[in-house]
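Thanks for coming. I will go through one structure, pocket first, then the helices and a few single residues. Here it is.

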Amino acid sequence: MGARWVAADTAVPDQFAAVVAEAGAIDLVVHAAGVMDGTFVRKETLEGFESVVRTNLTSAFVVAHGA
């Protein structure tokens, strides 16, 4: 099948660019990262919120854009 993996932080464009370079032609991307942290805004910290956005949203953009 030719599948392989490369470890990188998918929210960091330069790291994901290295993944794309290693992979060559990309026919299919499965972006399956996601977290849920905190349940109430009044109890959430800005750092916790930013971490969730980075994992769930920023990484999805970087992967889609890079691939």
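The largest pocket has a volume of about 660 Å³. In the lining there are 23 residues, and those closest to the pocket centre are Arg 4, Val 19, Ala 23, Leu 28 and Val 29.

Before going on, the basis. This is a predicted model, in which local features need pLDDT of at least 70, side-chain atom pairs count only at pLDDT 80 or more, and totals for chains, interfaces and linings use all residues. Residues are numbered from 1 along each chain as its sequence is written, and side-chain values use heavy atoms, with hydrogens and water left out.

A word on how a pocket is found. Rolling a probe the size of a water molecule over the atoms shows where empty space is left. On a 1 Å grid over the protein atoms alone, a pocket is an open set of points where a 1.4 Å probe fits, with protein on both sides within 12 Å along at least five of seven lines; lining residues have an atom within 4 Å of a point. Grid points are joined across faces, edges and corners, and the volume is the space filled by probe spheres set on the points.

What is the lining made of? It divides into 18 nonpolar, three polar and two charged residues. Here Ala, Val, Leu, Ile, Met, Phe, Trp, Tyr, Cys and Pro count as nonpolar, Asp, Glu, Lys and Arg as charged, and the others, Gly among them, as polar. Helix H1 gives the most to this lining, with four residues.

Now H1 itself, residues 13-23. Helices are DSSP runs (H or I, at least four residues), numbered from the N terminus. Its buried residues are Phe 16, Val 19 and Val 20. They sit on the same side of H1, because they cover an arc of only 95 degrees around the axis, taken from the directions from the helix axis to the C-beta atoms. On the other side, Asp 14 and Ala 21 are exposed. Buried means under 20% relative accessible area, exposed over 50%, and partly exposed in between, with a 1.4 Å probe and protein chains only. Just after H1, Gly 24 takes a positive phi of about 80 degrees.

What covers the buried residues of H1? The cover includes helix H2, 46-66.

Not counting residues up to four places away in sequence, Ser 59 touches Thr 10, Ala 11, His 31, Ala 33 and Arg 54, contact meaning heavy atoms within 4.5 Å. Thr 55 is also in H2, but counts as partly exposed, at 23%.

Last, the loop between H1 and H2, where Asp 37 is found. Leaving aside neighbours within four places in sequence, Asp 37 is in contact with Glu 44, Gly 48 and Val 52.

Conventions
Helices (H or I, at least four residues) and strands (E, at least two) are DSSP runs, numbered from the N terminus.
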